[in-house]
Amino acid sequence: MSRSCGKLDEAGVALPPDGAYPAKLGNIINLFESLPEDERRETLVSYADNAKNQEPRAREKFDLADVRKDEECMDTVGVYLHVDKNGKAHIRMTLGPEVQTLTRSMTAILCKGLEGSTPQEILDLPSDFVTRIVGAELVRVRSQTIYYVLTRIKSICKVYLDRQRMAQVA
Amino acid sequence: MATYPTQYAHPEALVETDWLEKHLKDEGIRIVESNEDILLYDTGHLPGAVHIDWRADLQDSIIRDYISPEKFARLCGRHGITPDTTCIFYGDKANWWACYALWAFRLFGHENVKILNGGRDKWKAEQRPMTREVPKYPATNYPVPKKRFDKEIRAFFDEALTHSKSSKPLIDVRSPGEYKGEITHMPEYPQEGVLRGGHIPGAKSMPWKTATNDDATFKPADELAKIYLDQCGVKPGTDTIVYCRIGERSSHTWFVLTYLLGLDKVRNYDGSWTEWGNKVGAPIEKSV
């Protein structure tokens, strides 16, 4: 009987192969996993600084926009989706000033890492990579909103795909 | 007609932003940032400030408790703190975690502690200097504290239960929705694993924020007295217990009662609702 020799998470559960992630996101995951803790923190802060650059730019048009303040998040989060003629997704996000640093980091990471993926690839994305990027030390009950950003991105992709399917049926 | 204090009982326990900017390099002080946002210090902090992480630095990683006296001594030594150092705490969220860290320092008997009135948000709003440079201080040999002052300023479940049964003052500083049992998490926060909503029987609701102004500074002494002495029925010399979900918001109220109103028998029940709301056999009350 063969045994898996892939990567395991902290609970000993096999992680998806790196190929399960879009290439850009896979590169970011690999980068973070190679960093010592202090450099990991520095890099997360750099990404957080970069979150502002993920906002919609002048004259950009979107297929869907979802701007709201949810109960479990500190402030308003906006997600904007454009799917180009090749079916590739381009995501922009806006964050209110109260959104925490780690959530800002994850916003920039996801916008960059998922750039050019299809909405279905984003929807199928496993969420286990979050701890591989952030590190176990920084994932706490009160920092769970780092998952919230991914949930919101998936949510807008699902709405987009549902509408596409509805249009095809009609 | 009741008379109210016109000054804080311990005005020396607060420093203002203006004062601190002029004294950033004073000998004998250590500015300590403690936040909820775990990367906030890394994004910029007061010049010379060190970072103390409420969980990684102050809490034991195995037992739900605080670090050992030996670890506390090492933590202080690492930041160049001696027993004579005046630690000035500040942080985000109107100083919740700054008050929590201050309270934890008091648990280990560190006496010289102050809060930056208004915390990080006020400092930043006033466009005072911030830096990303992490300071290095010569390590000190902080003596291992001989005792922890749990009996004096900390309450455990059994003590809170006895307090409840004997109708002594208990203040629930969570949001009204949490107190009433309508929600089991703070508004705008994820659920932190509590099975039941409500409050400790007999506890009065006085959300922590009642003690602050819009800029996160503390309200004047007379207003605080009206809130806590009149509305909560707290009196000097009477055992009082404060609680929230995990002890950080109640540290803020503990600071107000202890330092600003000068009440000497106030304890923080840090087990708070995440213990009480899950505890087998613990009575609760809902919506009052």
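**Notebook: chains A and B, predicted model**

I began with burial in chain A: 32% of its 170 residues count as buried (20 or more other C-beta atoms within 10 Å of a residue's own, with C-beta atoms placed from the backbone). The model is predicted, so I note that local features need pLDDT of at least 70 and side-chain atom pairs count only at pLDDT 80 or more, while totals for chains, interfaces and linings use all residues. Residues are numbered from 1 along each chain as its sequence is written, chains are lettered from A and ligands numbered from 1 in the order in which they are written.

**Chain A**

I looked up the secondary structure of chain A and found 6 helices and 3 strands (DSSP runs numbered from the N terminus; helices are H or I with at least four residues, strands E with at least two). Along the sequence the pattern reads α-α-β-β-β-α-α-α-α.

How do H2(A) and H3(A) pack? Helix H2 (residues 37–50) and helix H3 (residues 101–113) of chain A meet at about 75°, with axes 7 Å apart (axes are lines fitted to C-alpha atoms over the stretch in contact, and angles run from 0 to 180 degrees between N-to-C directions). H2(A) and H3(A) are therefore roughly perpendicular (65 to 115 degrees). I listed the residues in contact (C-beta atoms, placed from the backbone, within 7 Å): the H2(A) side includes Leu44(A) and Tyr47(A), and the H3(A) side includes Leu102(A) and Arg104(A). By type, the contact has 7 nonpolar, 3 polar and 1 charged (nonpolar: Ala, Val, Leu, Ile, Met, Phe, Trp, Tyr, Cys and Pro; charged: Asp, Glu, Lys and Arg; polar: the others, Gly among them).

**Chain B domains**

I took the domains of chain B as domain 1 (11–148) and domain 2 (151–276), with bounds from an automatic or database domain assignment. Their contact takes 17 residues from domain 1 of chain B and 16 residues from domain 2 of chain B. On the domain 1 side, helix H3 (96–107) and helix H4 (119–125) of chain B each supply at least two residues. H3(B) gives the most, with 8 residues.

**Chain B sheet**

I found 4 strands in an open, parallel sheet, ordered S7-S6-S8-S9 in chain B (strands pair if DSSP finds at least two bridges between them). S7 (204–205) and S9 (266–269) of chain B are at the edges with a single partner strand each, so one side of each has no neighbour in the sheet. Helix H9 (residues 248–260) of chain B packs on the sheet and touches S6, S8 and S9 of chain B. The direction of H9(B) makes about 180° with that of S9(B).

Key
Contact = placed C-beta atoms within 7 Å. Buried ≥ 20, exposed ≤ 12 C-beta atoms within 10 Å, placed from the backbone. Parallel < 35°, antiparallel > 145°, perpendicular 65-115°, else oblique.
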